[in-house]
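Open the structure in your viewer and keep the selection tool ready. The stops below follow one another.

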Amino acid sequence: MNAASSRPRLHFQQKVRWHPLEIVFWLCTLLPFVATPSYLSLASQIAITALFALSLDLILGYAGIVSLGHAAFFGVGAYTAGLLAKHYFTEPLSGLVLAALAAGVVGYAMSHIIVRFRHLALIMLTMGLGLLLHEAANSASMLTGGADGLQGFKVPAVLGFKFDMFGRAAYAYSLAVLFVCFLVSRRIIHSPFGLALRGIRENATRMPAIGAPSRAHLRKAYTIAAVLAGIAGAMLTHTTSTVSLETLSFGRSADVLVILILGGAGRLYGGIIGAIIYMVARDQFSGANPQYWYFWIGLLLVAVVMFLPNGILGGFSKFFQRRS
């Protein structure tokens, strides 16, 4: 009895342990401060996008909820942080918490509808809800600024470090928040709850038979993902001091889905690696060919899907398994 009960505990303990490559990866995220100081603004955008992709991976890669409207929560977090900074206070950490709370409330409300559907209906539903929020923000121009965006505010500093044009404070802030959220996500994924989500992804009908209520678990996962996306949106507001309708757009939802496909859905680092590759490729392609850079992004995506159907991390994992 004791030996049988210790096996699951041993499994989770092994999963929670840090691999040396993980430590090396996070140490490498500090290199832009010394290696590419002129690209710190881009690095901060990569960190924000990585957190956004991580939030989508929680519901898509682990819970099997396909979403084409995930930018709704990113935009709610961005607008909440912007409205707080414009009308109340500019302290970013409090704004981050309140933005996460607002996105979580919206995510929890939507989750009661989302968990009732699967597959194609779910794709259309999430896209429709995202478009509804986008149009609501566009219509409420007195509050959100409409097509002109929310302007006229400035987030001066975080913990005494000023946001400047060089992006040092912005990258440090974005990276620190990404790492904290990553730790939380890592703990969730390598827990019985995370294991239940993977079981629901494979067969949502049978999971209640072993004591895992599918809909309740999916609602929790969807709400957590909304909170993480809201935090990413708030960070974008704090580091750029502006909010536009683009934060709620379908294009942003599609971009983050592409990023997750590139890196590998259902893999803890898939969204982060995908964000690095996508953002750097976009920066380089748009600089080399401003008119047709989307062609090269499309070509990259086609190549990855054809030769690495499980994403870049999935391809590397399969390669090392064959070698071993």
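Start by selecting R201, which is partly exposed because its relative accessible area is 30%. This is a predicted model. E202 is exposed, at 58% relative accessible area. The helix α9 covers 192-202.

Next, go to the loop between α8 and α9 and select S191. Is S191 buried or exposed? S191 counts as buried, since its relative accessibility is 15% and the cut-off for buried is under 20%. Show the backbone of I188 as well: its oxygen lies 2.5 Å from a polar atom of the S191 side chain.

Now select α8, residues 168-189. At R168, look for the salt bridge with D164, 3.4 Å from N to O. R168 is partly exposed at 45%, and D164 is partly exposed at 33%.

Stay on α8 and pick L183. L183 is partly exposed, with a relative accessible area of 34%.

For the last stop, select R252 and E246, whose side chains meet in a salt bridge at 2.5 Å, N to O. R252 counts as buried, at 17% relative accessibility, whereas E246 is partly exposed, at 36%. The salt bridge count comes to four, and the pair R252 and E246 is one of them.

Conventions. Residues numbered from 1 in each chain as written. Predicted model: local features only at pLDDT ≥ 70, side-chain atom pairs only at ≥ 80, totals over all residues. Heavy atoms only, no water. Helix = DSSP H or I, 4+ residues; strand = E, 2+ residues; numbered from the N terminus. Buried < 20%, exposed > 50% of the residue type's maximum accessible area, 1.4 Å probe, protein only. Polar contact = N/O pair within 3.5 Å; in protein donor to acceptor, adjacent residues only side chain to side chain.
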